[in-house]
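Hi,

Here is the structure I said I would pass on.

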Amino acid sequence: MTSLNAHANELSSVDTLAPIFKASGDPLRLEILRVLRRDTFGVLELSQLFDMRQSGMSHHLKVMNKAGLLEPQREGNAIFYRRPLHLDSDKLADQAIRQIFETVDRVPLPPQLEEKIEAIREQRAEQSQAFFSRHSEQFREQQELIAAFDLYAEPTAELIRKRTARQEWRSALEIGPGEGAFLPVLSALFEHVVALDNSKDMLAKATRTCIDERLNNVDLIEGVTDTLLARGDAFDLIVANMVLHHVPSPADIFLDAAALMNSGGCFIVSDLCSHDQDWAKENCGDLWLGFEPEELTAWAADAGLTAGEQLFIGLRNGFQVQVREFWKTTATA
């Protein structure tokens, strides 16, 4: 009887594996999985990447979703797709899915596909820049529709103060400083601070803050993280306050932060948890409706960073803010 039960369990395990390997047994679907390694794409974007009709792409995505190879993520009225956030190491099916991911990730994307992905990221970036160009005068009012600055800035500042009391840190980078409201905190704690923003209008406001507050150790640079990577800059602390939901590829920010940090450095992020308040896209220029904590943890791990302290702040308007830290404990490529 025992051997019969064991045989039945074995057959049951094989039954769970068959749909996974069937759904992944197609070159196009494997390419889709490779594209979704870090990024999240909508159906129209994936159709654009692979030069196929939306109906055909939707069919492939439906099959892969049913097999557990990817999962839908609603962003307002649009459906995006990503790799599953939760894979159980004790489940045979999830082990198989993880192994498929690890295998396809060893194969680099062809240059023409990389170019198409970059074009989509540029479209997203232009959308965000256009919003801040139109609404730079109402930036604070727009942002505080979601969360008042002090609600996330104070816990972030307190975490940084706690870390600087124990670390011999000298340099800091703020990605997306906005009007520069957080720069006085960094200026008081570090010898050298860099503020990086791709919006000329917002950078002008941050410059005015530096002048008014006499922040003489802050350099303001127009550009993106690639700009600093090309210069060979390195920092002990990098902070991104309510920035990730505005950037085309949040996962890439973690990769770039790891490359820009000195060993023993820390990347501190404050941002929205995943939500369904679609009005934030139009009113606040958000590209993404927040993030699951597991998403940030996975992106950090992929960049070689280790998750540290975390804090969650519930707001009365239904939003929740997460303050997270990620450490570069060893040299990260």
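A word on terms before the helices: the expected span of a helix is 1.5 Å times one less than its number of residues, and helices (H or I, at least four residues) and strands (E, at least two) are DSSP runs, numbered from the N terminus. This is a predicted model, so local features need pLDDT of at least 70 and side-chain atom pairs count only at pLDDT 80 or more, while totals for chains, interfaces and linings use all residues. Residues are numbered from 1 along each chain as its sequence is written, and side-chain values use heavy atoms, with hydrogens and water left out.

Let me start with helix α5, residues 92-104. Its 13 residues should span 18 Å at 1.5 Å a residue, and the end C-alpha atoms are 19 Å apart, which agrees. Buried here means under 20% relative accessible area, exposed over 50%, and partly exposed in between (1.4 Å probe, protein chains only). In α5 the buried residues are Ala93, Asp94, Ala96, Ile97, Ile100, Phe101 and Val104. They cover an arc of only 160° around the axis, so they sit on the same side of α5; the arc is that of the directions from the helix axis to the C-beta atoms.

Helix α10 (residues 200-213) can be read in a similar way. From first C-alpha to last, its 14 residues reach 20 Å, close to the 20 Å expected at 1.5 Å a residue. Met202, Leu203, Ala206, Thr209 and Cys210 are its buried residues. Their arc is only 110° around the axis, which puts them on the same side of α10. Lys200 and Asp212 are exposed on the other side of α10. After α10 comes Arg214, with a positive phi near 55°.

Now two single residues, where contact means heavy atoms within 4.5 Å. Ser128 has its place in helix α6 (residues 111-135). How buried is Ser128? Its relative accessible area is 8%, so Ser128 counts as buried. Not counting residues up to four places away in sequence, Ser128 touches His246 and Leu287.

Ser89 lies in the loop between β3 (78-82) and α5. Leaving aside neighbours within four places in sequence, Ser89 is in contact with Gln95 and Arg98. Ser89 and Pro250 are 161 residues apart in sequence and 26 Å apart in space, C-alpha to C-alpha.

Cheers
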